[in-house]
Amino acid sequence: MSQHALLLVNLGSPESTSVSDVRRYLNQFLMDPYVIDLPWAVRRLLVSLILIARPKQSAAAYQEIWWDEGSPLVVISQQLTEAVRPLWKHGPVALAMRYGASELSIEQQVQQLQQQGVNEITLAPLYPQFADSTTTTAIKAFEDSVAKLKQPLTTHIVPAFYQHPLYIQALANSVKSALEQPFDHLLLSFHGLPERHLTKLDHSGHCLSNPNCCQTASDAVLEQCYRAQCYRTAQAFAEAAGLSPEQWSVSFQSRLGRAKWVEPYTEERFAELAQQGVKKLLVMSPAFVADCIETLEELGLRGREQFVEAGGEELVLLPCLNSQADWAAALTQICEQATLAKTI
Ligand SMILES: C=CC1=C(C)c2cc3[nH]c(cc4nc(cc5[nH]c(cc1n2)c(C)c5CCC(=O)O)C(CCC(=O)O)=C4C)c(C)c3C=C
Ligand SMILES: [Fe+2]
Ligand SMILES: [Fe+2]
C-alpha cells in the first residue's frame, strides 16, 4: 500500500547548554552558505571570529531558558508533531531539525521514512515567511537527502504560509484573550535578516528602494521578499484580530554582526515606545511557530529589561502557536493543500 509521509522541519538547537555543544551548533549553522552568504574563506574567517565570544554568551542565554526535557524549540516541535500525527491520514508524521540534534537530521529522517515503506513525502518547513537562510536551506538538504536514496520518492514542498487564512486565524485565536485585557501597544517582532539577503533575490531593484517598498511589492517581489511577507502577515493578523493601525507596529530582532539588517530594530522600538508613554507593551513573534531562545530570552528576559530601563512598566510576551490544537489542525490542512503543489 502506498504511504505518504509528512515531514515537519524546524531550525534546531544545540544538544545541550554546554559551551562546546553551543559552539558546534553555531559553527554548523553559521557555516551554512544560505545563512552567511559569503565566499567560503571569508565565511570561515568571520565565523571563526564570531566563535571566539559568542558560544559562551549564547550558552548562558540557553541556560536561562532550557527545560528539563531539553531545548524549548525542539520539545515544542516534538509536541506539535504528536498533535499533527492523528490528523494526517496518509501515512507517518516525522520531525527533522536542520542543525544540531544529529538523530533528527533531515537525511536520517528521510532514510527512516523510506525504510518504513513511504514512497511520497510532503516537506513542511516550519517558517511562515520565506528566507534563503531558513526555507531554502531546509529544502536543499531535503532534496539532497532524497537524491541519495536508492529508490525514487515523490515529494511535495509546503510553501511559505505567511498570509494563509488558517495560519492568520490561528495567530489571532492564540492572542485573543490577551488582547481583551487593557494594553497600550502590540509589537510584532520578527526575526531579522541582513538587507543583502533581500536585495540579492530582487532583480527588479524594488526591495528597499523606498520606505514603502514592502507595501507596494509586486507578486513576483513578494514571493521572495522576507520583509514584505512579514508586513503581509502583520497586516492580515491585525485585521483578523480587529486591531486599529495605531495599536500595533512591526520590528525586527536578533541582529548579528556588522552588516545592515532590516529595520526597524526591535531594541530601538522598545526605547521609542517607552519614550512615547507606552506602559504596558504586548510582544508577539509571528516568524516563529515555536517558542525558542529568540522569544524566551531575547524578548522575554532581555527585552523586558530594556523596555523597563527605557521607562516602560510591563512587557507581556505572548506565546508562539506552539502545539495548540487549532494550530495543529490548521497546519495539517495547509500541508494537505500543498500536496497539490509541484512535484520535484
Ligand atoms: C547570520 C545569522 C543569522 C541569520 C541570517 C538568521 C536568520 C533566521 N533565523 C531564524 C530563526 C531562528 N534563529 C534562531 C537562532 C539563531 N539565529 C542566529 C543567526 C541568524 N539567524 C543565531 C546565531 C542563533 C542562535 C542563538 C544565538 O546565538 O543568538 C532560532 C532559535 C534556535 C533555538 O535553539 O532556540 C530560530 C528559530 C529565522 C526565521 C531567520 C530568517 C528569517
Ligand atoms: Fe536566526
Ligand atoms: Fe523587499
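A residue is called buried under 20% relative accessible area, exposed over 50%, and partly exposed in between (1.4 Å probe, protein chains only). By this scale Lys140 is partly exposed, with a relative accessible area of 35%. The structure is a predicted model, in which local features need pLDDT of at least 70 and side-chain atom pairs count only at pLDDT 80 or more, while totals for chains, interfaces and linings use all residues. Residues are numbered from 1 along each chain as its sequence is written, chains are lettered from A and ligands numbered from 1 in the order in which they are written, and side-chain values use heavy atoms, with hydrogens and water left out.

The protein chain is assigned two segments of domain 1 (4-161 + 325-340) and a domain 2 (165-317). These bounds come from an automatic or database domain assignment. The C-alpha centres of domain 1 and domain 2 are 23 Å apart. Domain 1 brings 32 residues to the contact, and domain 2 brings 27 residues. Contact here means heavy atoms within 4.5 Å.

Domain 1 and domain 2 bury about 2,400 Å² between them. Of this area, 68% is on carbon and sulfur atoms. Buried area is the accessible area (1.4 Å probe) that two parts lose on being put together, summed over both.

Eight residue pairs are in polar contact between domain 1 and domain 2 (both at pLDDT 80 or more). A polar contact is a pair of N or O atoms within 3.5 Å; within protein, one must be able to donate a hydrogen and the other to accept it, and residues adjacent in sequence count only if both atoms are side-chain atoms. On the side of domain 1 that touches domain 2, the elements giving two or more residues are α2 (40-65), α3 (72-84), α5 (132-147) and α12 (325-338). Helix α2 gives the most to that side, with seven residues. Helices (H or I, at least four residues) and strands (E, at least two) are DSSP runs, numbered from the N terminus.

Side chains of opposite charge can pair when their charged atoms come close. A salt bridge is counted when a side-chain nitrogen of Lys or Arg is within 4 Å of a carboxyl oxygen of Asp or Glu. The rule gives twelve salt bridges. Two salt bridges are found across the interface of domain 1 and domain 2. Arg196 pairs with Asp37 in a salt bridge, with the closest N and O atoms 2.5 Å apart. A network of salt bridges links Asp37, Arg196 and Lys200.

Arg98 forms one with Asp32, and their closest N and O atoms are 3.4 Å apart. This pair links distant parts of the chain, 66 residues apart. Arg98 is in the loop between β2 (93-97) and α4 (106-115), and Asp32 is in the loop between α1 (19-30) and α2. Asp32 counts as buried because its relative accessibility is 5%. Lys140 and Asp144 also form a salt bridge, at 3.0 Å between the closest N and O atoms. They are four residues apart in helix α5, so about one helical turn separates them. Asp144 is partly exposed, with a relative accessible area of 37%. Arg302 forms a salt bridge with Glu297, where the closest N and O atoms are 2.9 Å apart. Arg302 is partly exposed at 39% relative accessibility, whereas Glu297 is buried at 8%.

The iron ion (ligand 3) is coordinated by Cys207 (SG) and Cys225 (SG), at 2.2 to 2.3 Å. Cys207 lies in the loop between α7 (195-199) and α8 (219-224), and Cys225 in the loop between α8 and α9 (226-241), so the pair ties together parts that are 18 residues apart in sequence. Both Cys207 and Cys225 are buried. Donors are N, O and S atoms within 2.8 Å of the metal (3.2 Å for Na, K and Ca); water is not among the atoms, so sites may look incomplete.

Phe288 lies in the loop between β7 (280-284) and α11 (293-309). Is Phe288 buried or exposed? Phe288 counts as buried, because its relative accessibility is 14%. Leaving out residues up to four places away in sequence, Phe288 touches His191, Gln253, Glu294, Thr295 and Cys320.
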